[in-house]
Amino acid sequence: MAIAKTSVLVLDCAEPAALADFYAQFLGGEVRIGTSPDYIEVVEGGTVHLAIRRDRGAAPPSWPRPDDSQQAHLHFLVPQDNMDEAEREAVSLGARPLQTRENGGPYDARRYSDPAGHPFVLAASEGHALGQAN
């Protein structure tokens, strides 16, 4: 019998509280601090589960440069007609644009870095209702 498991994406950074706050606000989630302030979880409606871990020597990934290049990135699907609003929200919370050229329609993908330098993408979800089967 398989043992129940939960998948958690962990981001390393120097200041976990600030980064957890960024993602909690951006995703409409809540911050959960356990026994250590060096490991903080962000949970939103059971669909998103991130953890932020303190690494005093963390160096932000670079994009598109190959040195310290990203190993992974977050990809957030947004209804196509809400892309501009999602972009404004991310930037107002402290995201930095990396490449925000509008690609148009269902292929619109805009790249940012979070306040600690981790890359993420806002991508058009082709107008499908998020959270529902297609």
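In the predicted model, helix 1 is followed by G28, a residue with a positive phi near 70°. The helix itself comprises 12 residues and reaches 16 Å from its first C-alpha to its last, close to the 16 Å expected at 1.5 Å a residue. Its buried residues are P16, L19, A20, F22, Y23, A24, F26 and L27.

The protein chain as a whole contains two helices and eight strands, which follow one another along the sequence in the pattern β-α-β-β-β-β-α-β-β-β. Buried residues make up 31% of the 134 residues of the protein chain. Among contacts in the protein chain with a separation of 6 or more, 51% are accounted for by residues 24 or more positions apart.

The strands considered next belong to an open sheet of four, arranged in the order 1-4-3-2 with mixed pairing. Strand 1 and strand 2 (30-33) are the edge strands of this sheet, each pairing on one side only. From one strand to the next, the twist averages 25°. Helix 1 packs on this sheet and touches strand 1, strand 2, strand 3 and strand 4; the direction of helix 1 makes about 165° with that of strand 4.

Within this sheet, the pairing of strand 1 with strand 4 is parallel and extends over five bridges. D12 has R53 in strand 4 as its bridge partner. Strand 3 and strand 4, in contrast, run antiparallel and are joined by six bridges, with V42 standing opposite L50 in strand 4. Three residues lie between the strands in the hairpin of strand 3 and strand 4, where G45 adopts a positive phi near 50°. Strand 2 also pairs with strand 3 in the antiparallel sense, over four bridges. I33 has I40 in strand 3 as its bridge partner. These two strands, strand 2 and strand 3, likewise form a hairpin, with five residues between them.

Another open sheet of four strands has the order 5-8-7-6, and its pairing is mixed. Its edge positions are held by strand 5 and strand 6 (96-99), each of which pairs on one side only. The twist in this sheet averages 30° from one strand to the next. Helix 2 packs on the sheet through contacts with strand 5, strand 6, strand 7 (109-113) and strand 8; its direction makes about 160° with that of strand 8.

Strand 5 and strand 8 run parallel and are joined by five bridges. The side chains of strand 5 alternate along its length.

The largest nonpolar core contains 24 residues, of which Y23, F76, F120 and L122 touch the most other members. Two or more residues are given to this core by each of strand 1 (9-13), helix 1 (16-27), strand 3 (39-44), strand 4 (48-54), strand 5 (74-78), helix 2 (83-92) and strand 8 (119-124). Helix 1 gives the most, with seven residues. The core draws at least three residues from each of domain 1 (7-58) and domain 2 (60-133). In soluble globular proteins, nonpolar side chains tend to be buried together.

The surroundings of F76 bring several of these elements together. With residues up to four places away in sequence left out of the count, F76 touches Y23, F26, L27, F120, V121, L122 and A123. Of the residues touched by F76, Y23, F120 and L122 are, like F76, among the core residues that touch the most other members.

How values were computed: Residues numbered from 1 in each chain as written. Predicted model: local features only at pLDDT ≥ 70, side-chain atom pairs only at ≥ 80, totals over all residues. Heavy atoms only, no water. Core = buried A, V, L, I, M, F, W, Y, C linked by side-chain atoms within 4.5 Å. Buried < 20%, exposed > 50% of the residue type's maximum accessible area, 1.4 Å probe, protein only. Domains from an automatic or database assignment. Contact = heavy atoms within 4.5 Å. Expected span 1.5 Å × (residues − 1). Pairing = 2+ DSSP bridges. Axes fitted to C-alpha atoms, helices over the stretch in contact; angles between N-to-C directions.
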